[in-house]
Amino acid sequence: MQDIPSLRHPVAVAADQSDNRQPPEAAPSRQRRLSRIKERFIEALLFLAALSSVAITLGIVFILGYESSTFFAHVSIKEFLTAPLWTPLFASPRFGIMPLVLGTLVTTAVALAVALPIGTIVAIYLSEFAPPTLREVVKPALELLSAVPTVVYGYFALQFMSPVLQKLFPGLPTFNMLSAGVVMGIMIIPYVSSLSEDAMRAVPMSLREGAYAMGANRIITALKVVYPAALSGIVASYILAISRAIGETMIVAIAAGMQPNLTIDPREPAATITAFIVQVSLGDLPHGSIGYQSIFAAGITLFIMTLFFNIIGYILRKRFREVY
Amino acid sequence: MADFSGIIRKRKRQDFIFNIIGILCTLVGILTLGALLFDLIADGVGRLNWTFLTSFPSRFADRAGILSSWVGTLLIMIVTAFAAVPLGVSAGVYLEEYARKNWLTNLIEINIANLAGVPSIIYGLMALGLLVYQFRLGQSILTGGLTLAFLILPIVIVATREALRTIPQGIREAAYALGSTKWQVVRHHLVPYSMGGTMTGIIIALSRAIGETAPLITIGALTFIAFLPPPPISTQPPFVSADWLQSPFAVLPIQMFNWVSRPDQAFVTNAAAAGIVLIVVTLLLNAVAIMIRYRVRKRIKW
C-alpha cells in the first residue's frame, strides 16, 4: 500500500507524521495479521470437513463393535460360527451365522459368474475392437444399468427373471437365489466393464504395436498383452464387483426368500446376511433385545467379509502393478 | 507360402468371432435394461395417474397412492444435499489444495477409498446405533437425510477433487501473483471453475441416494404413513418451522418394496407404477448430469 500524501486530509497527514515512532507498516501489518488468522481459521474448518470421513468410519466400527459385544456376551463365538441354524427370533433361539453366510456367498458366486466373464468381454470389446463412436454411446448406456435403483431390480428379478428361469429349470421355486444372483450380476456388469476398460485403454499403444509387429491379431494382442498389462486395474474392478455383490440388499431381500437355509444349491430359496437385517428392521424390535443385537452381529460379519476382500484386492493390485 | 495365407485367414476369423461375442455380451446388458423398462411400464403404466400421485397408502390397492412417500423422498433429499454438499466439497478442497503430504492425509485418503466400498446397509446400522439411539434423533427425516449424506459423502469428495484437478496450475499461479491469499484463490477461482464437474458428481450421488432403500429400512423408516410432515412454512408467526425434520417418514423405494412383497397382484401393479416414477426421476437426474458434463467439456478450453 502506498499513500499519496497530497491527496489526503492535511490533519491526517500531520497525525501520521506526529506518530512516527510507530513503524509505517503498522496498519497493513495488522490487516495482514487478521487475514492470516482468517486463512488459518478457514483451513482448520476445511480440515475438519476432511476429517469427518474418518469420523464416519470410526462411528461404523464403534457402533458395530459396541452393539455386537453385548450380543457376544450372550452367544459364544463358537456357537455363532458353527451352529447350523439361525433362528434368533424363535422361542428357543439358535445363533449360527453360517446359513446366512452361505446364502450371501452363493448369491455372490452366481452374480460373479454372470458379471465377471460378460463384464471382461465387454471391456475388451469396447477397448480393443469397437469403433470409437460406438464406444461413446455404449459406455454411458451400460452405466445406466448401475443407476437403476436396486429395489427396481428386485422387482425385475421376482416378476420377470424368476418366471423365465422357471421355464428353463422346471420346479424352480418363485423365490430362489439363482434369479436374484443373475439379476445382481447384470447390475454389476458396468462396474467391471467400465473400470476394466479404463485400465486397458491406459495401456500404452506401443505395447500393442509391438504385438502386431510380431504378427499377432487383435484378440491375441488383447488377451496376451493388454489384459496382463492392465491386470492391476482389472483386479480392482473385480474386487469392487465382489464388494457390491456381498453387500447388495434389496434384490436378494425381494427375490431370494427370507428363510435362512444351509445350502449351496442356488435353485433353493435362502436368506443372505443383508436380507436378514432388512427382515428384522421391518419388524418392531425393542432396543437392546437379543434380536436387535443380532442384526449388529450379522452386520459386523458382513463388514469383515467386505474388508477381507478389499485387503486381498489391495495386495493383488500391488502385486500386478506394472509401471511403464 | 500357402501356409501363411491359411494362418492369416484363421487369425482374421478369430477376430471376427470375438467381435460377435463382444457385441452379444454388450447386448446382454443393453437388452436387460430394455426388458426391465418394458416390463415395468407394461405392468404399471395403467395404474399411473394423478390420484395415484396424490393419495396416501391404503389397505385397498386401487385407492393406494404414493403421496407421503414422494414427499418423504423429496424432504430426505433436501437434508442429504444440505449436509453432504458443503461437507464433501470442503473436504475435497482441503485434500486437493491444502493438504500436505503426511501420514494424516494418507490416512484420510485410504479411509475415503474404503468408505466407498462399505455396503450401504452398514451405514444404516451405524445410523441406527449412533443417530437414533445414542444421539436420540429418532426415526426421523433428519436421521434419514444424514444417513444418506454419510453414504454419498465419498462420491461428492471424489467428484470435487477430480474437478479441481482439471484446473491448470497456471490459474492458481496467476492469482497468487496478483496477491491473492489461498482462500481467495479457492473462492474466486477454483470453486467456480470446477462447479460443472462438482455438480455432475453431486447429481449422480443424489440420484443414487434416491434409490437407496436398505439403510432407511434399517433405521426404521415406516412403510405405512397416512399423513404429511408439518409444512416448513406457515401463515402464523414465526412463519418457518423445523418440525418436519423430526417427523417420521416413508420414501418411494420403501413403498415399492412394501408393495412388491405382497401376494396380491393388485399391489404388485402398484409397485410397478411406483417403480416407473422412481426410475424416471433417477434417469432424469442422470440425463441432467450427463448434459452438464457435456456442456462443461465443450465450453471450457484451457
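In this predicted model, the contact between the two chains takes 69 residues from chain A and 72 residues from chain B, where two residues are in contact if their C-beta atoms, placed from the backbone, lie within 7 Å. On the side of chain A that touches chain B, helix α2 (residues 26–74) gives the most, with 20 residues. Helices here are DSSP runs of H or I with at least four residues, numbered from the N terminus. By class, this side of chain A has 47 nonpolar, 18 polar and 4 charged residues; Ala, Val, Leu, Ile, Met, Phe, Trp, Tyr, Cys and Pro count as nonpolar, Asp, Glu, Lys and Arg as charged, and the others, Gly among them, as polar.

Residues are numbered from 1 along each chain as its sequence is written, and chains are lettered from A in the order in which they are written. Local features need pLDDT of at least 70, side-chain atom pairs count only at pLDDT 80 or more, and totals for chains, interfaces and linings use all residues.

Chain A is divided into domain 1 (6–74) and domain 2 (98–320), with bounds from an automatic or database domain assignment. The C-alpha centres of these two domains of chain A lie 45 Å apart. In chain A, 6 residues of domain 1 are in contact with 8 residues of domain 2. The domain 1 side of this contact has 2 nonpolar, 3 polar and 1 charged residues.

Next comes helix α7 of chain A, which covers residues 177–201. Its 25 residues reach 35 Å from first C-alpha to last, close to the 36 Å expected at 1.5 Å a residue; the expected span is 1.5 Å times one less than the number of residues. A kink of about 35° lies at I188(A), shortly before the proline P190(A), the bend being the angle between axes fitted to the seven residues ending there and the seven starting there. Because 23 of its 25 residues are buried, α7(A) is largely enclosed by the rest of the structure. A residue is buried if 20 or more other C-beta atoms lie within 10 Å of its own, exposed if 12 or fewer, and partly exposed in between.

A residue from another helix, N310(A), has its place in α13 (residues 290–320) of chain A. N310(A) has 18 C-beta neighbours inside 10 Å, so it counts as partly exposed. Not counting residues up to four places away in sequence, N310(A) touches I239(A), S243(A), N114(B) and G117(B).

Definitions and conventions. Helices (H or I, at least four residues) and strands (E, at least two) are DSSP runs, numbered from the N terminus.
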